[in-house]
Number of protein chains: 2
Amino acid sequence: MALSFTEDHDNRPIGVFDSGIGGITVLRELVKAFPNESFLYLGDTARLPYGSKSGDTVKQYSQQNMKFLASRDVKAIVVACNTASTQISESSFMGLPVYNVIDPGSALACARTENKKIAVLATRGTISTGAYTKKIQAILPDAEVLTQACPLFVPLAEEGWYDDPLTNLVAFRYLQHLKAADVDTVVMGCTHYPLLKNSIRKVFGNHVHLVDSGEAISLLLAEDFKSKKIAPAEENQHSTLTIALTDASDHFENLSNELLCAVMSSEIHFETVSVI
Amino acid sequence: MALSFTEDHDNRPIGVFDSGIGGITVLRELVKAFPNESFLYLGDTARLPYGSKSGDTVKQYSQQNMKFLASRDVKAIVVACNTASTQISESSFMGLPVYNVIDPGSALACARTENKKIAVLATRGTISTGAYTKKIQAILPDAEVLTQACPLFVPLAEEGWYDDPLTNLVAFRYLQHLKAADVDTVVMGCTHYPLLKNSIRKVFGNHVHLVDSGEAISLLLAEDFKSKKIAPAEENQHSTLTIALTDASDHFENLSNELLCAVMSSEIHFETVSVI
């Protein structure tokens with residue numbers, strides 16, 4: 001059996017988890033940015049969504065998910081869920097580097113804003129922790145951070161009503177006051193929200209920066225590959241993509257295929273697993 | 001200590017469970033219909049929603065919830081969740097009578113329809129089991145049953161957008177084809193949906209019968225009190241209402257108070273519990 005990693009290369013997959021489908025938008029950006037890498041995605045569909053659950057419950061579920069990924073020999077863990085990221089502050093778990101979505105998303109928002117007025121759109125759970133506000137103001141102490149929970153966005157995205165007059169109306173209902181407050185940067189602080197990018201864009205117009213967690217985390221990972229903090233896969237390796245779900249669902253499999261088909265070269269392998 | 005029940009009376013509470021807030025619409029009808037009864041409501045908020053989960057998972061969670069209610073000495077169990085009702089076919093559990101919402105809802109729809117064209121609105125999970133269609137056609141073999149999953153309805157209800165142009169638009173999107181198909185009876189086959197009754201009514205007009213699970217189950221319970229299948233509470237007992245949640249939530253407590261204040265005489269007692 002060949003070793004899966006040497007000093008310079010590591011062909012083990014990158015582990016990614018979310019409560020459900022949302023993290024697929026992060027996975028999509030990662031697959032696009034790193035076509036040689038293999039990925040193992042865990043969707044904790046049996047216990048979704050995390051957005052409405054308490055911090056302790058989300059922390060416990062997230063640790064179980066990370067243990068599962070570690071047991072499958074990943075080389076790094078991406079917490080592709082904002083709610084889970086509010087509860088996972090550690091940068092390593094069982095010796096593996098851990099990337100949450102809040103740190104890179106906050107950093108990218110701070111890099112892009114000019115007038116220092118930043119809006120954060122997220123689930124009720126993420127907003128109530130104040131995680132983005134704290135992180136952004138740690139980087140830019142005089143930034144003004146406005147937050148908005150958008151509970152309809154997740155089911156709208158799951159319906160596939162991506163560019164739809166109804167979705168536009170919901171977006172206007174939630175976001176109009178942020179546009180009026182003249183924010184110049186908007187963090188899409190839930191991994192489902194990039195699916196509704198067109199509707200969000202319609203409210204704010206083209207001059208506002210929309211920060212996508214998947215893009216932010218890809219930029220950070222690219223830096224860590226460059227600085228050799230983690231080793232990349234070999235260029236000629238046959239990369240794989242496995243999606244493990246805690247509760248099987250045709251709806252989820254169809255959505256994953258639809259969202260990933262444009263960036264994937266090989267087939268997705270689906271599994272049903274237990275993480276408890 | 002006084003005995004809580006005699007041959008004719010039983011002051012023990014009726015246990016009611018749902019994954020979250022939806023079952024409160026059933027509880028509201030029960031409290032309205034039986035003001036002398038005490039109730040213990042269990043909202044499995046740590047694992048909500050059930051609508052998107054597999055049958056086996058929902059069955060396991062439901063049995064854990066029923067065990068919890070039995071351990072708290074209820075005299076009967078109401079499964080105030082359509083998805084859970086699709087998995088609980090037994091009419092008793094640990095010696096306690098069990099009432100699901102699908103049997104009485106189907107029976108009431110069959111009693112009310114004239115043209116035998118019935119629509120069932122529910123979550124994806126409930127629809128995919130075919131439970132309502134089977135039950136309705138067991139009573140009325142030549143009934144035509146049209147089904148429609150309405151995933152946006154639950155978050156719209158939870159936002160409190162009960163009588164709102166946006167909700168009306170979503171209702172039209174989901175239901176217009178059922179109106180065009182000339183159904184004369186509509187089963188609101190998810191316990192959240194009665195909160196959106198006004199919007200659903202706007203699509204179908206006043207001549208269509210809307211079947212509410214809470215109303216259907218209250219009619220069945222009234223029959224069982226009358227036939228002495230279960231004993232009612234004494235008329236002068238001080239009735240209580242306890243809401244136990246598997247994951248505490250201010251949002252849920254506020255919504256419960258809002259939905260129940262019109263029918264409650266005493267205060268609601270909230271608890272956080274574990275059912276595993």
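Which residues lie nearest the centre of the second largest pocket, and how many line it?

Modeller: This is a predicted model, where local features need pLDDT of at least 70 and side-chain atom pairs 80 or more, while totals for chains, interfaces and linings use all residues. Residues are numbered from 1 along each chain as written, chains are lettered from A and ligands numbered from 1 in written order, and side-chain values use heavy atoms, without hydrogens or water.

Nearest the centre lie A:R47, A:Y61, A:I276, B:R47 and B:I276, among 28 lining residues. A pocket is an open set of 1 Å grid points where a 1.4 Å probe fits, with protein on both sides within 12 Å along at least five of seven lines; lining residues have an atom within 4 Å of a point. Two or more lining residues come from each of α2 (55-71) of chain A and α2 (55-71) of chain B; helices are DSSP runs (H or I) of at least four residues, strands (E) of at least two. The pocket holds about 590 Å³, the space filled by probe spheres on its joined points.

An unreviewed UniProt entry lists a "binding site" at A:D18, A:S19, A:Y50, A:G51, A:N82, A:T83, A:T191 and A:H192, an annotation that may be inferred. A:S19 sits in the loop between β1 (14-18) and α1 (24-33) of chain A. A:H192 occupies the loop between β8 (185-188) and α9 (197-204) of chain A. Beyond four places in sequence, A:H192 contacts (heavy atoms within 4.5 Å) A:I21, A:G22, A:V154, A:A157 and A:E158.
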